[in-house]
Amino acid sequence: MSVLFLAHRIPFPPDRGDKIRSHHLIKAIARIAPVHIACFADSASEMAHEGDLASLSQSYCLVRRHKSMNWAGLQGLMTGKPISLTSFHDQEIAKYVRSVVTEFQIKTIFVFSGQMAQYIPDDYKGRIVIDFVDMDSEKFASYAESAAMGMGYIYAREARLLRKFEIAMAEKANVSTFVSDNEVEVFRTLAPNCQADIRTLSNGIDTSFYDPRSISLTTLAGQISDADILFTGQMDYPPNIEAVTRFALEMMPKILAQNPDARFVIVGRQPTEAVQSLHNGETVIVTGEVDDVRPWLLGAKMVVAPLSVARGVQNKVLEAMAMEKTVFASREAATGIDAEDGVHFCVSQNDDEMVEYINSMFKRGKKLRAIGIAARRHVQDSMSWNAMLSDLPELILGNGGNREEML
């Protein structure tokens, strides 16, 4: 008997937060049972990893996603559905799912990211596991609070409809998971009458890959310095855009007033025009996509994660901690990370506090180093992927994770 894995993005390469999680999940699931995979690719570069998908699966369906947000929005308005669903609706994947469920003995359908739950056949009788990761509906609710009137209405509508869908799918599933206890609590608060089995499945970190002793700085000569404050992330993602804009325009001037050699370096693919406009070549540097983020992490003085909207666990924070860097994180960015403020990272309640924290630590090299060392030791000891996914066999198979009962 097999597992059907549904994902909104191909889990190769593992180069952004959601794909890192799905990558480790699919590899772990493939060690438990034969797996069939249906997923989307957003670009030609992602399509180039079709071979990786084929090598891991018994069968697969990979679809290049071309649907525009305008068309998905129109479909959403016409059907009364969340745009998050119409954006990821595709007849080829729907046909593949029906075929696989009919042809193979699919013991479990594992859904990665809530919008893919729309593909679960209504008459499917097997086990259903949904990894929501975080409450996407709450992300849109946060957007609605600060958006202009027109977009505010669209975001509010998306939050309302998507929340209803998330709750309905959780009630349909045997088990639903979220990336942190906080996200579980958010779900239970929003759905107090829901009797679904809701659990935490935390993110891990590959500390063998993110190891400061495994790489060299020689390729970045002159590009990164011990006075640099680093931010990493997907730079067309609205919360990241807002965070770096606020840091560059509002927080950096206050840091430069006390530390004139400081630079803010923004590393990440697909920077929007708004992000690129922050680049001045002196105090703010926007690199765009880089081949490997680890040398940039290794060479920087510190790492910041000043997000005001953050769902789940921030991989960027875990990666920097594994690289022995002191991370200055907002309260939102630190949510879900079981670490101690001032020991493993530095958590601020607001922007002024983060500026004060950074200024007070900027010339304290030994203290920064000590926090970085403690950070790596902490994620090594308690946040490896093997530890985080130890309960996966039981989630996938039920029956206490007994493979013999699956056969």
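**Chat about a predicted model**

Reader: V133, buried or exposed?
Author: In this predicted model, V133 counts as buried, because its relative accessibility is 16% and the cut-off for buried is under 20%.

Reader: Where is V133?
Author: V133 lies in strand β5, which covers residues 127-133.

Reader: And what is its phi, the phi of V133?
Author: About 70°, a positive value, although V133 is not a glycine. Most residues other than glycine have a negative phi.

Reader: Then Q270. What is the phi there?
Author: Q270 is a residue other than glycine, and its phi is positive, near 55°.

Reader: Where is Q270 found?
Author: In the loop that runs between β9 (263-267) and α11 (273-276). Q270 is partly exposed, with a relative accessible area of 46%.

Reader: New topic. Which residues does a cis peptide bond join?
Author: F12 and P13, with omega at about -15°. P13 sits in the loop between β1 (2-7) and α1 (17-32).

Reader: OK, the core now. How many residues are in the largest nonpolar core?
Author: The largest nonpolar core has 97 residues. Those that touch the most other members are F5, I229, F247, F264, F328, I358 and L392. Helix α10, residues 238-258, gives the largest share of this core, with 8 residues.

Reader: What does I229 touch?
Author: Leaving out residues up to four places away in sequence, the contacts of I229 include F247, M252 and I255. Also among them are R263, F264, V304, I358 and F362.

Reader: Which residues make the contact?
Author: On the α10 side they are R246, F247, E250, M251, K254, I255 and Q258. On the α15 side they are D351, D352, M354, V355, I358 and N359.

Reader: How many of them are nonpolar, polar or charged?
Author: The contact of α10 with α15 has 6 nonpolar, 2 polar and 5 charged residues.

Reader: Which names should I keep from the core and this contact?
Author: F247 and I358 would do. Both are listed among the residues that touch the most other members of the largest nonpolar core, and F247 of α10 and I358 of α15 both take part in the helix contact.

Terms used: Residues numbered from 1 in each chain as written. Predicted model: local features only at pLDDT ≥ 70, side-chain atom pairs only at ≥ 80, totals over all residues. Heavy atoms only, no water. Core = buried A, V, L, I, M, F, W, Y, C linked by side-chain atoms within 4.5 Å. Buried < 20%, exposed > 50% of the residue type's maximum accessible area, 1.4 Å probe, protein only. Helix = DSSP H or I, 4+ residues; strand = E, 2+ residues; numbered from the N terminus. Contact = heavy atoms within 4.5 Å. Nonpolar A, V, L, I, M, F, W, Y, C, P; charged D, E, K, R; others polar.
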